[in-house]
Amino acid sequence: MNEQIRQKFCLQLGTEQVLFDEPMKKHTTFRIGGPADYFVTPESKEEIQAIVELCKKEEIPYSVIGNGS
């Protein structure tokens with residue numbers, strides 16, 4: 001895991017909204033899924049936009065999920 005990326009996510013959202021190596025089974029309807037390198041929970045459209053822009057800039061693949069299903 002890249003420590004610089006970790007710090008950038010935490011600066012954007014705060015440490016309580018950023019999880020690392022988070023099992024996706026905790027967040028999906030069927031309780032399946034391996035660990036996500038970075039799992040972020042933005043609370044506004046501005047935060048979503050900032051995270052997506054950061055992912056694109058750093059060439060980090062991302063997926064947007066909603067309600068786990």
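Predicted model: local features only at pLDDT ≥ 70, side-chain atom pairs only at ≥ 80, totals over all residues.
Local features need pLDDT of at least 70 and side-chain atom pairs count only at pLDDT 80 or more, while totals for chains, interfaces and linings use all residues. Residues are numbered from 1 along each chain as its sequence is written, and side-chain values use heavy atoms, with hydrogens and water left out.

**Helix H1**

- Helix H1 spans 3-13. Helices (H or I, at least four residues) and strands (E, at least two) are DSSP runs, numbered from the N terminus.
- Ile5, Phe9, Cys10 and Leu13 are the buried residues of H1. Buried means under 20% relative accessible area, exposed over 50%, partly exposed in between (1.4 Å probe, protein chains only).
- They lie on the same side of H1 because they cover an arc of only 135° around the axis. The arc is taken from the directions from the helix axis to the C-beta atoms.
- Gln4 and Leu11 are exposed on the other side of H1.
- The buried residues of H1 pack against E1, strand E2 (35-40) and helix H2 (45-58).
- Asn2 caps the N-terminal end of H1, with a side-chain oxygen 2.8 Å from the backbone nitrogen of Gln4.

**Ile5**

- Ile5 of helix H1 has a relative accessible area of 5%, so it is buried.
- Beyond residues up to four places away in sequence, Ile5 touches Tyr38, Glu58 and Ile60. Contact means heavy atoms within 4.5 Å.
- Ile5 and Leu54 are 49 residues apart along the chain, yet their C-alpha atoms are separated by 8.9 Å.

**Gln17**

- Gln17 sits in the loop between helix H1 and strand E1 (18-23).
- Gln17 is buried, because its relative accessible area is 9%.
- Its side chain makes a polar contact with the side chain of Glu47 (3.4 Å). A polar contact is a pair of N or O atoms within 3.5 Å; within protein, one must be able to donate a hydrogen and the other to accept it, and residues adjacent in sequence count only if both atoms are side-chain atoms.
- Leaving aside neighbours within four places in sequence, the contacts of Gln17 include Phe39, Val40 and Pro42.

**Largest pocket**

- A pocket is an open set of points on a 1 Å grid over the protein atoms alone, where a 1.4 Å probe fits, with protein on both sides within 12 Å along at least five of seven lines; lining residues have an atom within 4 Å of a point.
- The closest of the 20 lining residues to the centre of the largest pocket are Tyr38, Val40, Tyr62, Ser63 and Val64.
- E2 gives the most to this lining, with five residues.
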